[in-house]
Amino acid sequence: MVKGNILGTRPETDPFEDTPGSSWSITSDTELRWDDRKKRMALAQPLFLVSIAIVIGFYSPLILFSCSVLILLTIILLPVLSKELEKRSQEGSVWKEVQLTDTSCSLSDDKKYLQCKTPTGQRHLVNMTLTNVESVLMGDVSALVRAVDDSIGFTLIVTMRPENIQRALDEERIPDGLEKYFNYLKKGRMNAYVLKRGGIWLNHVNVVGHVQDETGVMNFDSAVRAAIPLDKWKRANPKDLQSRLHQLNVNGQSAWFYASGEDLANWLVQLKSELASEVGSNIPGQFLAPIRGRPSDYRLGVTINPDTLQTGPTVGISHSELETGTLLCGGTTSSRTRVLALLTSELLRAGKRVVIITNNPDSIGLTRLSEGSVHLELGRDLVLNPVDAEGIHRSEFVPLVISSLEAVAAADLRGAADLEAAIGRAVTLGNATLADVHIPNGLDDSMAGPTDVQQPPEQLPSKKSMTGMEAIRSLYEGSAAKSFYGTQTVPTSRLVEPNLSVVRIALGSTGLEHFAWNIMSIKIAGLRPDPNLVVILDGAENFRVRNRRYMQHDSFTEQVLKKLKQRGPLVVALEHPVDMAPGAIATLESCISLRLRESVDIKIAADLLGLNVITTGMHTKARISPRESSFLRIMDNDTALLVHDGMETCQPVRLDPAPDLSPETITSEETRRVSTLIDSGTSSTTHHEGSLLDRVSAGSTNLAIRVLKLLERYEPLTEEAVRRFIVSSGSDNNPDVEAILARLEHASMILKGHEVHSGVSYTNYRITMKGSMALRQTDGLEGATA
Amino acid sequence: MTMVSDVSTQVTRLLGQAGMRPRGVQSDSIKKGLLEGQNIMVSSPTGSGKTLVGEMALLRAVTCDKKGLFLVPLRALAVQIFKTMKERYEHLGVSVGLSTGDFQSSGDELAEFDIVVTTYERADSLLRRRSDWLSNLGTVVIDEIQTMSELGRGARLESLIIRLKNSIEDLQIVALSATTGDPDELAEWLGCQLIQSEERPVPLVHKVVTTNNRNRSLKKLVMTTVQGNGQAIVFHRTRREAEAQARRLAEDVGRQFTSEEKKALDQDLGSVENWNVTLSKDLRSLLHNGIAYHHAGLSYNARRTVERLFRQGEIKVICATTTLAAGMDLPARTVILSSFKSPADYRQLLSANTVHQMLGRAGRPGHDKIGFGVILAGSTGEAEEAKRRYFDVILDESNEKEILIPHYDRINSTLGHAASLSEQLLVVLDMLGSATIEDIENGIFGDSFLVHCAIRDSKSPMRVLQLGEISAKIVLERHALPETIQAARKNVLGRTTLREKNETVIGGIVTSLDGGQFTCRFSARLSASGAVEGAMCSCGTPVNEDGILCHHLVTLGMAAANELGNMADYVIPLALMESSPLGLLIRLGLVEGATDGKLKPTKLGRAINRLYLSIPTVREILALLPMTQSTTELLWLLRHVVSIESGMSLDESFDNLVSFLITTQIPIRDLAEQFGMNIGDVYGLFDTSRWLLHAISVLSDLGGLARTLELSQGLADALDNRLGSKFEEDD
């Protein structure tokens, strides 16, 4: 049950809080409380004062009397005094008296409407009244709302007064048929009947239009008449309106709360719950436009009335919408780029960082949006290393890579154990590339000898694994090598450092692009959550899973999208929304749609944009009726539909003109930026206190030094000998042989190799360059302390 | 001239007394001047009487009052030849000696013999120890000289020949070789007259059989032979396989014997002659079925028994490992090769020469009209590979059938391998006293077969020898043709984008001039199978059979060497398994600088050289010796180095075996049984152990490690006590 308040139910947000600093001097200090109104002064307080006064009067009436006189005098003289005081202070200041108020209303020349001068310009007020209508009111509220220019609001006042039935009978207002029926009833029964049918009411409708120009006055008149086609509409006398406005003291700058026109209309829209029952889901085929823009939004354009093509306030999407995921669909490549460019420039202005992954061949133009932007092309400046987990946990990363690989292998790779193990090994290596992915070759074993035919067949890698390996080989040996083979030139964490990075993915084959997009998405999803980094995926090939052979990618893309969303703000741009998996679409909560042509696309978009109304009849199945979904087909290129913050309906937007995106000739400055990005990625050395060995060996530094020194002299030394050495030289009891070797090897201070003696293969260790450097560093440190 | 004719008549007389007359290749070599001291090389199939050529040459030396040395690759072969020669010539006043193993002894006692039969390694050890009597050598016979192609021992043999030629004047070299490709190249290097013979006593038919069930096909082949009253030898890759196959065939083979044959066989096995032969139960029961297995794990006597029975025709089938291949004269009608993968490493295939040496046994003179050499292949691809590698295929026009003509590998020098080079560098330095690297490269090694071939071969790399410092560019030169290197230097092979550069891998994309794109990398990482990944290129043949890199890799390597400097110098040699021989020797303290930029071996280096230790063994011993303070640790070290030298993987039971041997009096045979080892292996291990213990004690003495010296000497003495007499009896 909604709690009753004097101004109706409490709106979700206090409209005053985000009112822009308008010239209407509205103060938020209104004394108005929505539901926590306080009672003034408890009764005890005045009683106490009175009793004190009585006591004082009892003992010394003179004091009381003189006090009363003093108070009375003060009250009487106060206006005069204050006026005098104010006058004096005004005279002392530089203030000048302005004779004219900032808002004034006067009759128009033809005396048919009111002209209002407001600080924001001239307005025209027109008042229409409707009295003495029939009991049945035929009208089309929606047509009224659509036809009336409500950009600065209008007032609709419906007055209802209960009418005495006897008087109504006397004044012959009851239809004859009913009157006859009443005649058969007794008085008590008649009242009961009337009460049961809802009572008899005296109605009066008063509409005040608030229009911007003179032609609007006539439009308003006709709009109202057209919406409610009754001839009893009358243009009220503007003088009455003027006097009523005068009564309201519009002219005076008093501290009264008032809201008229625009603000009141805003209220109406803001009060969603109220509106819903009247204009909400029952209005067929309508768009709802907000009455005013939100300044904190990233502006994309202005609202437009699709019927009248009148433009309204600015519209954009908010940061929270980006955080819940935004889908940009439809349109042509250039129109999508326009939206993205608008959004990006707004984001940059707001101090966010943006990374755009795109397949757009003209993507280089986007770098015009920011001074410090970088443009990288996969395969040219950027190498994407699919076995570099970049901080993502292996158990999470490897399955994702395998799923991505399915696009390249064009086969289902689930359950390819050997493949998974091989990729896992490569990922663990740390500095591995695709060429390090190997399945231990079991093929040779099968040919080893005649008696080995009983060899268990599960030793062989499965067919799936082999297919996967083929795919991997094609990635580093085929034409894709330029994109995927090698250490990652720019780690993803560095890629997102500039305020705008544009990465272009164009590999020529859908399979490869799919893979590239997947890996890119996985890596970006693995970044630390950062609300100030906005990821824009423009034309994400990997989310296009319609009619593909690997249908299990439905859930895969959904999973990837969810991870991307968890990371932070996300925009996915795709021409055909229907290409996406349904689950994936559901993860994106807001949508900007450009023109769509295919009916399948429209079906999806209509759902997203709230253009379908689902009415649930009591006894019938749910029905879906389209609103203006056909509008999607015929929209102009510069128009978009936008759905916002989970609102039920969407708004048409006229997009702002696109920023200049014509590609410049590449400056040396930009090449420098790219090259620093690439170079600094490879030479990221961290400096820590203490020697490298101390950190690597985790406590057993001495032992590590001894091992390194041994190897420095006797490398390559067989693994057995090194182990023996550690065991027998460890003065500390029970040295952890495995640990020390594993640590040193992992820190690439020692390198495993193999040697063959008389046909037997031995594993050996040798010291690496890094190992000798660490040793030298330790020696240096010791020398310094000595 | 009278002298010469005198010698030749004397030799002919001696031969006549021994009951032999020269024929075939023997008379050819005499014609070419064998008895006048001419260097001769004979290349002919097994069974053509090569050994006798060697014997004649040795007799010539003896008649000239010089000594003769007969070198063979295997100890068993040495024993066989020693016995034959002793039988033939000892009563004629020619003393024949035998020396195998025993690298720890100086070999002075061999001075009393006119002819010494020995293995390559022992001869090398003798030469390194500079035994006095070697200067009196007149003739060296090198049997099975094609062994020079083998990794490891090939380099030692080559170095031995170079040093023999260098240090002994007027030395006659007689090289005996099975059929190989391009024998004239080797003959030219040796300075020998070449005598070539393709003549076989029995014609041979080769066949490659594709089967998906090796066991069944093998059985069919064997049984067909046996039913036709022929004999068969089946070669296997491993001992286990050989034994298993013998057991599998036993029943079927046994069924083919008539009761008389069986009785004769049983009688022979139970005869007095075989009383002292230890045959395992398993083998004995197989022998009763007329089948046997044969490998180095059997005791010496058991092997000889098996061979004798086979020669007498009492057993029909031998399942053998490749040890039977070299030298032994043991023909059979059908020879089957069940797998042509190398025993040491299944990823490598046997060389053509080895394969043909095995198959060449097919056809027993006097018994068979035709011999069959069969290779079993598991798949069509494998069969094609076998045909491609080992045969020239000719299509017989009359019946559209393929005729396989054996195709032999040429003999390649293995001296250039980094592992061998460091050892040989030390050997040469010890021989010369002191020398500069350039002297050695151009002097002694300049005379090597390696350089000899490289000069004549247009496909040899730009640089064949590298003893000193090593860098990425030098390594590339070691693995690329001169033209490729020139082109790469001029940067005309293609563009390179380096994509990987870290401590272990250098990789990149090479875009060749025609736009082709290749992914190449040098990786020093270990692959999952335990081998270094090495060079990889997406063109498919990163390294060809001669070890030459494809030109994409050369391009990458050059670019990396220019761009990355030190890192490339580190990674690329590692990836190509190259290291600086000199660097290693200096690091281990075996070589030091002398005056005038010369190098000389240290005291340690000289000792090691004479101990005949391989460099990896030295490295392991030196690294661990200071840590060896107790018997357990010493035993561990011993086990480790024994397994490196012998190529057997040993576990803790070796330690126990040695302790048992020293502390108890249980006969070795019983010990072997108790530990589940083959008696032949156990003797081999003890022999190696004695030598290495001796080496350890010498090294600890040099290093001043009293405790280790004491321990190792004690152990060595104990071993000597237990084993001293045993060896003689067994041989």
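## Helix 22 of chain A

Helix 22 of chain A spans residues 599-609, and its buried residues are A:D601, A:I602, A:I604, A:A605, A:A606, A:L608 and A:L609. Buried means that 20 or more other C-beta atoms, placed from the backbone, lie within 10 Å of the residue's own. Helices (H or I, at least four residues) and strands (E, at least two) are DSSP runs, numbered from the N terminus. Just after this helix, A:G610 takes a positive phi of about 75°.

## Model and confidence

This is a predicted model: local features need pLDDT of at least 70, side-chain atom pairs count only at pLDDT 80 or more, and totals for chains, interfaces and linings use all residues. Residues are numbered from 1 along each chain as its sequence is written, while chains are lettered from A and ligands numbered from 1 in the order in which they are written.

The complex has an ipTM of 0.81 and a pTM of 0.70 from the predictor. Chain B averages a pLDDT (the predictor's confidence in each residue, from 0 to 100) of 85. In chain B, pLDDT stays under 50 over residues 725-731.

## A sheet in chain A

Three strands of chain A form an open, antiparallel sheet in the order 20-22-21. Strands pair if DSSP finds at least two bridges between them. Strand 20 (717-718) and strand 21 (750-757) are the edges. Strand 21 and strand 22 (residues 760-767) pair over eight bridges. A:I750 has A:I767 of strand 22 as its bridge partner.

## Where the chains touch

The contact takes 50 residues from chain A and 61 residues from chain B. Contact means C-beta atoms, placed from the backbone, within 7 Å. Elements giving two or more residues on the chain A side include helix 16 (463-477), helix 29 (769-785) and strand 22.

Methods: Contact = placed C-beta atoms within 7 Å. Buried ≥ 20, exposed ≤ 12 C-beta atoms within 10 Å, placed from the backbone.
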